[in-house]
Amino acid sequence: SSSISGQPIFHFPSSTCSLRVTPSQRMAVETGGAACWPGKLGDTLQNLPGSSPHVAYSDLESGPLFTLLDCVNIQVTPLIDSQCCIWVCGTFRNSFPGVVKLNPDGTEALRIKVHDQIVATPVLADGALYLAIDFGVAAAYSLHTGSEHWTKKYAPGCGNDSWSMGYSQGTLILAGKSNEALPWNDSVYGASAATGAVMWRHQATLMIFLTPALVHGAVIYQDMQCTLTSLRLGDGTVSWQEKAKGHARSTGQVAAAKSLNMVFAAANRPGKKDWNAPYGGQGCVRAFDVWSGKLKWQQDFDLEANTTPAVVSSDDGSQAKVVVCLGASPGLPTEDQASGDCWRARIVALDASSGSPLWAHDFEPWRSYGARGSDVYTLYQPTVLTNPSAGGDGTIFVGWCGGWVYALQSTDGEITSRYDLGVALQATPVIGPGMLVVASYQRVHIWRPWQDCIRIVQDVPPIDTDLGIEHFCPCKGGGDCPGLSPYKAPLDLSRPAWSFEFTERAPHEFFCNSPVIDAQGSIYLTSRYGPMQVLRPDGTVCARLHLGTALTSPALLGETLFVGTGEGWAVAVNINAVEVKWSTHYCLQANADAGSVVATNGVVLLPGNLWEMRHENTTMFCLDCEDGHTRWTYEVKGVGILDSRPVVMDDFVVFADAQGGIHAVHLADGAALWETSKDQAGYFRGCYLCAGAMAQAQVFTTGCPYTEPRWNNLNGGRSILRCHDAGSGIRRWEKVLDEECVVPPVVVPKHLPLYKPMLVVGLGSPPGRPPRMTDQGLDGSDCMGDGWAARLAGLDTESGAQAWSRTMPVLSRNSAPGNRADDFCQAPTFSAPIVGNDGTLYVAWAGGMFFAIEGCTGRLLSQYDMGCTATGAPAIAPGMVCVMSAFRLLVWRDPALEEAWRTAAAAEDDPRAVAPQLAAPEDVPEEATWGLLRNVPADRFDPEALRPYEWGQEFLRWEPVRRQTGEAGVRREQADQHKAGGGPAAAARAAAKARLGAAFKPKEPVAKELKSKPPPSGPPAKQPSPSTSLVGPTQTGTGSLAGKPSWLQALGAASLLMGEEEEEEEQPPQKPRWEVIGGAANGGIVVRRGQDVYSPQVPNRLATGAILEEVEVSGDRLRFKKLKGQGPDAGWVSLTFQGKALVKRL
């Protein structure tokens, strides 16, 4: 196994900037010196507050170099130490609770785990990181090792709003509560930086949002009533105090300029609270003498002042400017609690000596109740503009509540560059040498010059590749027909040949994409944060390519590898020379989660967003393979393209959108060929497709129509399978299932014993998140289930009739195996499947197993316990199959199959047959091939019953009984959970209960005589060979095979019970029926003409007791056709009203 810890994550701009680094060469790390940005306002002890001597990277429109993705509700400002390492603080709601340190090259250096919320922007000083933590606790950690120096409780409690710590002369300045019951901070504390011991406490007059100004041995702060106070640093006694006139209120703070002996305060004047003016709407900036507190000047404004000023020097140092951001802060996002809906914003520059205005810039008003991205579930309350910061060249950076960050000239305030972050921000933009760090509420973006960051680490020389030859697995799922490989892979999965894993893995660092295999058998791996790994067939690490964050699954075409990044970059790499060929910023941003690039016919296909930051991809891009220029784009209006790979069929490409629609466009110019209408059942949770010549020019889609989440059903528990004609888009058939399907299907070609193509789909809800760890123990409030049912089903491609089913044991746990409270991978129920040329289906299950299954019958051939989940599709090469689980790559090789392929390929003059092939290692230690059995229940599987034996009579007999029992148990659990209040909130529970109806009663077993027999404990009985005739005694009585399908007759009498069960399931499903149970006191319930609750009302009401046939369900609305009772014949009704069910499912 090889370690990939300590590798950077960067984009490549062009091959001219490439820097090759050998394993013996590493980046030199500076030691000592002052931190570049040690506090919220920078290094205020050495520089002007809010200013840096370093010149930041100011071309915002080029996009960030890399992004830290796993962030939720980031409020505190990041910091930059003397080594240019970036320190990012999370909260207890974050994917990373605590602090993350990133090296200058983007590598994650260390994490400091903090179980409680970090409530203030920390400080860096004297080789330590100082934190303020909830419940009045302060802590100090080593900057180099992350080890704890000390932890002290300095106050009864502290407020969790965004305030800032301070440091000067060995003293820490903190805010806290004098009484734990107070909702806000009312005291300023001085504590020893060496021990954490409290040295003094000062009682403030009112709530404080502390951002202390430390100058000339004084601590100067402003409370919420705009009273300015100066304390002595040594003992906390008051030197002077300046009270504001009237009852002014502001969250603005102070900035002290040591060289000017002045302190500047942003405050509000007394005014009447009004709409869009919660603090009166009249702001001001005041300047005071540091020594006496005497007011020197005051500049008034018609907008509120709620931020902290920055002091910026001119280019020649002759004139200092005070830059301050103005505007009322957006309120709560709901109409009943809103304080405004039009938030004006302005940034102004004043002469520091006189206060006279120099320039002003007005931003576009933000028209909404709350800040961008804020809602009732995720509340953001930033100021309308962040605190400004200025670089050494005078460029000013500021963030806006509308989700943008701007760069402005300090001379006139003109905007020079900007970037859409997609969500509001509270943290101050941070400046380092050639670096800009901007933290929004959801992500941390880092801008740096490209040429400082590009590296390729090459461990061994590359294998020469003959240009123009075909690669074994060029993209996710194989070649043009997704999920189908032309090569035969090993059937015995009992022991991998070798594995590759993260030996020093950071939390949430997973393999989440699909591997690809080139013409020499080398394997290319991508992960969310780490570099691309290139592995030889024997497991040797060939190279590591640092291509950016959130990489897609790559694609191979000739000598070039193509990959996309989450920041909207497409990169082409020459795999012979292992160097960048070209790169292009093809879109603003891309949702690259589990996405895939497809390269064919001289073009590269990949999705992205052209105009704005979104969670989905809205546009399909077609780039030229030679230079990366965009040939055409195709935008889907209103909905997003999900992360399923596009499918190329001859001269056109097919892809699916997020509402179940399918789009076919010409590959040459992007002109629309055909598209299907959007689904009328509402928003799809996923829509995945497969197509190709092997499927007889058919396109198959799977997806989950939007319904309310239920316990053990994250997406509502329903799915739709559809088949369309590839040439016209005409729908051939549709199948609605009461099980979720969140993975793409795959077509198994004709093979014995059926000799007809089969569509295989994976059904079941993906396991949810594990419980969170708190001081009180595990908290399961975020869990969505504890019994996850799943099965694989084989359907006839012509009709959709089910031919076979294989049910997995119910996964009785909150999350997938291998997941922990602070380190989890949310994977689908099954990985994307792939099929070898012998019809063997390879697929991974969220329960931690990797299967080899006969695709046309569902017969289990072999299995391996990975111990953790997997997301991407396996990859197949001659005699080789590999799968990327969350933690490791597992590779199986069969030398006999490899040699057989090479012999046949040599006879056809295939150049790949004579290429050097590296044998699998023979001395792999046993522990390197074990599954990661971490947090895996011992009773999840019966090892003896599911060893890699052939599928025998006993297993065949018990399969339908197991499936019925498992499904019945899961549905009973769902009903019990909703009745007990274990599911969603009250209204959602009522709606779910109405849809669920009465508790599910299991059917009688197919064979009643099996009731008294225990499940088989030994290995299944050996299956008769296909040539053995079972006609005669085995077909007497009710077990006759007469009239059964030919494939069942080929399997023999052992399939009798399975055949009877599946024949029943092949019947078309009956549409659900509902009974009206509400409205008895009002003559029935209201019926409307449309789905919207404000659509026109039908004159007559639907009487209580009426029986309805479901047409579709969208959220809490039911479209019906009346079967019995009085009232309208059709229309829309609500499932619930004020938490009470109006209809119930029969």
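A residue is called buried when its relative accessible area is under 20%, exposed when it is over 50%, and partly exposed in between (1.4 Å probe, protein chains only). The model is predicted, so local features need pLDDT of at least 70 and side-chain atom pairs count only at pLDDT 80 or more, while totals for chains, interfaces and linings use all residues. Residues are numbered from 1 along each chain as its sequence is written, and side-chain values use heavy atoms, with hydrogens and water left out.

**Exercise 1. Classify Gly1125 as buried, partly exposed or exposed, and place Gly1125 in the chain.**

Step 1. The relative accessible area of Gly1125 is 40%, so Gly1125 is partly exposed.

Step 2. Gly1125 belongs to the loop between strand S73 (1117-1124) and strand S74 (1130-1134). Helices (H or I, at least four residues) and strands (E, at least two) are DSSP runs, numbered from the N terminus.

Step 3. Val1076 is 49 residues away from Gly1125 along the chain, and their C-alpha atoms are separated by 9.5 Å.

**Exercise 2. Describe the protein chain as a whole: how many helices and strands does the chain have, and what percentage of its residues is buried?**

Step 1. There are five helices and 77 strands in the protein chain.

Step 2. Of its 1146 residues, 62% are buried.

Step 3. Contact means heavy atoms within 4.5 Å. Among contacts with a separation of 6 or more, 59% are between residues 24 or more positions apart.

**Exercise 3. Check the length of helix H1 (residues 895-907), then work out which residues of H1 are buried.**

Step 1. The expected span is 1.5 Å times one less than the number of residues.

Step 2. Strand S70 (888-893) is what the buried residues of H1 pack against.

Step 3. Now look at the ends. Asp894 caps the N-terminal end of H1, with a side-chain oxygen 3.0 Å from the backbone nitrogen of Ala896. Just after H1, Asp909 has a positive phi of about 60 degrees.

**Exercise 4. Find which residues touch the most other members of the largest nonpolar core.**

Step 1. A nonpolar core is a set of buried Ala, Val, Leu, Ile, Met, Phe, Trp, Tyr and Cys residues joined through side-chain atoms within 4.5 Å.

Step 2. The largest such core has 52 residues, and Trp87, Leu131 and Trp447 touch the most other members. Strand S34 (residues 435-439) gives the most to this core, with five residues.

Step 3. Beyond four places in sequence, the contacts of Trp87 include Pro78, Val99, Leu110, Ile112 and Leu143. Apart from this core lies another, of 38 residues, among them Leu493, Trp498, Ala870 and Ile876.

**Exercise 5. State how many salt bridges the whole structure has, and examine the one between Glu734 and Arg722.**

Step 1. Side chains of opposite charge can pair when their charged atoms come close. A salt bridge is a side-chain nitrogen of Lys or Arg within 4 Å of a carboxyl oxygen of Asp or Glu.

Step 2. The search finds 19 salt bridges. In the one between Glu734 and Arg722, the closest N and O atoms are 2.8 Å apart. Glu734 lies in strand S57 (residues 731-737) and Arg722 in strand S56 (residues 719-725), so the pair ties together parts twelve residues apart in sequence.

Step 3. At 38% relative accessibility, Glu734 is partly exposed, whereas Arg722, at 6%, is buried.

Step 4. Another salt bridge joins Arg912 and Asp910 (2.9 Å, N to O), and both residues are buried. Salt bridges with shared partners also join Asp302, Arg344, Arg346 and Asp362 into one network.

**Exercise 6. Decide whether Lys321 is buried or exposed, and name some of its contacts.**

Step 1. Lys321 lies in strand S26 (residues 320-326).

Step 2. Its relative accessibility is 8%, so Lys321 counts as buried.

Step 3. With neighbours within four places in sequence left aside, the contacts of Lys321 include Val311, Leu350, Trp359 and Ser410.

Definitions and conventions
A polar contact is a pair of N or O atoms within 3.5 Å; within protein, one must be able to donate a hydrogen and the other to accept it, and residues adjacent in sequence count only if both atoms are side-chain atoms.
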